[in-house]
Amino acid sequence: MGGSLILSSKRAQAPYYVDELGLSIYTIEELCYYIYNYLEFLDDDFINEELLNFIGKGMGLKELADKTLRWAKSGSDFGQIVLMIEQDVHYLNGQELGDLKARLDWRRSAKPADRLKKKADTLVALKKYRQAIVIYDAILEKERQMALSIKSKGRLLHNKGMAYAKLFMFGEAARSLEVAFPMLDSVEVLKEIFFLQYIDRQAVGEPECLSRVSEEVKAEWTREITDYSLEAENSPEYKSVLDANNQDTYKRQEFFYQLLRRWKNEYRDMVK
Amino acid sequence: MQGLILGIDLCDDYCQAGYYNLQNNESDAIEFDEGNSYMIPTVLCKLKDSDDWDYGEAAFKSALFGKGISVDKLVTMCLKDGVATIDGVKYDCVTLTSVFLKKVLEKIKINLGSTTISQVVITTRNKNADAIHNIEAAAVMAGIPKEKLHFATHSEAYMYYVLAQKPDVYTNLVCMFDLTNDGMEYYELSITRGRKPQIAEAVCHELEEGFSLDILDTPQGRKIADKILCSCSERIIGKRVVTSVFLTGRAFDTDTWAENFINVACYKRRVFVGQGLFAQGAAYIACEHEKGEKIHPYTCICSGRIANRVTIDADYFGQARQIIAAEAGSSFREAGIDADFILDDSRKVEFGISGVKMPWQKKMAVLLDGFPQRPNKTTRINVKIWFTEDNVMQTEITDLGFGQFYPSSGKNVRQEFRL
């Protein structure tokens with residue numbers, strides 16, 4: 001299958017800023033990419049003056065901006081307008097447009113809680129754990145309004161717990177998983193609590209739910225942890241740390257300085 | 001007020017100038033001094049105990065009377081990045097040429113009664129094309145804005161001059177002999193009709209038979225010169241169907257010495273003898289730049305012009321487009337493209353190359369080895385194409401990333417193509 005080129009649109013002087021991602025969008029192709037890949041972040045008020053200014057004045061695509069405004073005024077919903085933009089720009093191919101339409105259809109019929117959970121799950125995938133936890137909490141606070149089933153609540157608590165674990169807040173993670181366990185009644189959740197306890201017994205304590213797990217199962221889970229540890233010890237990143245220890249003082253210091261700097265920046269991004 | 005549209009023919013021996021007259025849509029030679037002097041010797045003379053310079057005939061006289069030290073062959077100096085030491089001070093070729101050009105421009109502005117310049121095209125002999133980077137620096141130093149400055153070979157200037165004449169001048173072959181102290185060059189122009197667009201092709205040959213013009217000072221020398229030209233004419237033109245013959249260069253200031261040659265070469269053909277042809281041709285090219293559109297319907301193929309069309313196929317808002325990176329017949333110095341594309345399931349950039357005489361198109365590609373792997377359609381690239389000669393295309397492709405989603409890796413690929 002041969003490839004091709006797309007002639008790029010011009011770059012806007014004044015970009016369109018995306019809060020959730022903390023980045024700016026400069027071209028219409030980037031906007032289409034953002035809409036397709038981060039649909040969960042877009043609320044109904046996405047079609048607003050800021051967007052129209054970016055398309056019309058920033059990108060010089062006055063016709064598209066005017067068309068978007070016309071559709072919005074005539075009562076077209078978010079999904080219809082967003083699909084129109086994607087179709088007119090032709091950044092997505094036929095298959096991608098079909099996929100986008102299906103996701104928009106799901107969004108149209110999905111419950112508010114499910115839509116918010118999807119947004120939070122996407123934030124977790126982007127390693128923006130703090131933002132995800134805020135949304136999980138927001139959904140849980142409005143439990144009655146959102147008409148959450150037991151299972152849904154359980155899944156939210158579970159995902160919130162996993163987000164805490166990624167932030168190395170193992171105590172908070174375990175608390176959330178302990179509450180989720182009876183709602184989901186899943187052995188996998190028990191295993192996750194066991195793993196958290198293994199990593200930080202002091203923070204996690206002695207969860208009551210683990211007392212029901214047999215010693216044979218715990219031994220098997222312990223062997224899994226050992227396997228994961230061996231895997232980590234054989235990873236390129238771990239080996240680079242070992243190699244750095246064998247370097248001269250200057251190179252070693254420089255390596256660890258850069259590594260710590262990267263980890264700190266990553267963590268700052270996670271907790272933003 | 002409309003500025004001057006100028007052509008300057010800069011050679012080692014003489015400099016000539018022409019301007020495009022918007023009133024009658026023709027170019028005319030510029031007379032520098034009274035007495036039909038259209039040629040300025042390309043000579044400078046640094047006056048003693050002064051910062052002033054004389055140029056042209058005045059420079060010859062000043063040097064002759066010991067009033068200063070002369071320097072000539074400025075074009076060859078530019079070709080060789082030469083330096084001249086005068087009164088213990090080193091002057092590089094760019095400085096010297098800029099002094100000369102500044103003097104010439106001042107004279108032109110006085111003679112034509114205008115101080116504004118709209119366009120300038122400087123033309124040089126084909127073999128001196130490599131001197132252009134120094135001449136360009138000199139011209140800018142002399143006060144010509146870079147965006148209004150262009151260059152052309154003698155072949156281009158000749159072609160534009162001929163095509164500006166009445167069509168019956170170039171019904172068939174058009175030949176030209178240019179005879180100066182710098183040598184003898186033969187030019188030939190032909191039109192290929194019956195295709196769209198029509199092609200005008202000019203070739204130039206430097207003839208071994210060139211001789212010093214000093215031999216024309218004696219009757220025997222003039223006879224020998226006449227014989228040499230007759231021999232050239234028989235060898236090159238023979239019985240071919242030629243509509244017009246142009247004779248230019250210092251040697252043809254008087255053509256009475258070339259009686260036999262005129263009879264042989266110009267029998268039943270139209271003959272044009274005179275100076276300033278290249279300067280006037282350059283002025284026609286300057287007019288084309290000023291108007292921003294072609295002033296004749298031909299695709300010009302000659303030294304200094306690209307013989308191929310280079311295209312890139314791309315989609316734009318769902319429409320297939322053929323982006324013209326370089327058009328056949330355009331000056332190689334000004335052809336090229338600087339544009340951004342997004343890779344769609346591709347790890348290469350393909351160019352379509354078609355010659356004016358080729359009915360088919362061939363493909364050439366630059367592979368983007370080493371460019372980062374990213375999800376599809378998240379790699380923007382910058383494609384730059386330019387020409388260093390009329391058949392040598394340079395390409396440079398740079399990874400721009402995809403905005404702030406995927407930062408640029410800075411990876412860059414360069415490749416040269418001989419078309």
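Visitor: What should I know about the model and its numbering before I start?

Guide: Residues are numbered from 1 along each chain as its sequence is written, chains are lettered from A and ligands numbered from 1 in the order in which they are written. The model is predicted: local features need pLDDT of at least 70, side-chain atom pairs count only at pLDDT 80 or more, while totals for chains, interfaces and linings use all residues, and side-chain values use heavy atoms, with hydrogens and water left out.

Visitor: How many helices and strands are there in chain B?

Guide: Helices (H or I, at least four residues) and strands (E, at least two) are DSSP runs, numbered from the N terminus. Chain B has eight helices and 25 strands. Its C-alpha atoms fill a box of roughly 80 × 60 × 40 Å along the principal axes.

Visitor: What part of chain B counts as buried?

Guide: Buried means under 20% relative accessible area, exposed over 50%, and partly exposed in between (1.4 Å probe, protein chains only). Of the 419 residues of chain B, 52% are buried. Contacts can be read by sequence separation too; a contact means heavy atoms within 4.5 Å. Among contacts in chain B with a separation of 6 or more, 64% come from residues 24 or more positions apart.

Visitor: How do I read a sheet, and which strands form the one with E5 of chain B?

Guide: Strands of a sheet pair through backbone hydrogen bonds, either parallel or antiparallel. The rule here: two strands pair if DSSP finds at least two bridges between them. In chain B, three strands form an open sheet in the order E6-E5-E7, with antiparallel pairing. E6 (53-55) and E7 (68-72) of chain B stand at the edges with a single partner strand each, so one side of each has no neighbour in the sheet. From one strand to the next, the twist averages 25°.

Visitor: Which residue is the bridge partner of Lys46(B)?

Guide: Trp53(B), in E6(B). Strand E5 (residues 43-47) of chain B runs antiparallel to E6(B), and three bridges join them.

Visitor: Which helices lie across E5, E6 and E7 of chain B?

Guide: For the angles, axes are lines fitted to C-alpha atoms, for helices over the stretch in contact, and values run from 0 to 180 degrees between N-to-C directions. Helix H1 (residues 57-64) of chain B lies across E5, E6 and E7, at about 45° to E5(B). Helix H3 (residues 93-112) of chain B also lies across E5, E6 and E7, at about 65° to E6(B).

Visitor: Where is there a hairpin?

Guide: E8(B) and E9(B) form one, with two residues between them. Asp87(B) in the turn has a positive phi of about 55°. Strands E8 (residues 83-86) and E9 (residues 89-92) of chain B pair in the antiparallel sense over four bridges. Val83(B) stands opposite Asp92(B).

Visitor: What is the strand order in the sheet of six strands?

Guide: This open sheet of chain B has the order E16-E15-E12-E13-E14-E17, with mixed pairing. The edge strands are E16 (270-273) and E17 (298-301) of chain B, each pairing on one side only. Neighbouring strands of this sheet are turned by 15° on average, direction ignored. Inside the order, E13 (residues 183-192) and E14 (residues 198-207) of chain B run antiparallel, joined by nine bridges. Leu189(B) stands opposite Ala202(B) in E14(B). Helix H5 (residues 154-163) of chain B lies across E12 (173-180), E13, E14, E15 (242-248) and E17, at about 50° to E13(B).

Visitor: Is Arg125(B) buried or exposed?

Guide: Arg125(B) counts as buried because its relative accessibility is 3%. Arg125(B) lies in the loop between strand E10 (117-124) and helix H4 (132-141) of chain B. Its contacts, not counting residues up to four places away in sequence, include Cys11(B), His154(B) and Glu185(B). Next, polar contacts: a pair of N or O atoms within 3.5 Å; within protein, one must be able to donate a hydrogen and the other to accept it, and residues adjacent in sequence count only if both atoms are side-chain atoms. The side chains of Arg125(B) and Asp178(B) make one at 2.9 Å.

Visitor: How many residues does each chain give to the contact between A and B?

Guide: Chain A gives 28 residues and chain B gives 27. Buried area is the accessible area (1.4 Å probe) that two parts lose on being put together, summed over both. Between chain A and chain B that is about 2300 Å², with 62% from carbon and sulfur atoms. Leu5(A), Ile6(A) and Leu7(A) supply 34% of the area that chain A buries against chain B, more than any other three residues.

Visitor: How many salt bridges are there between chain A and chain B?

Guide: A salt bridge is a side-chain nitrogen of Lys or Arg within 4 Å of a carboxyl oxygen of Asp or Glu. The count is three. The side chains of Glu30(A) and Arg380(B) meet in a salt bridge at 3.4 Å, N to O.
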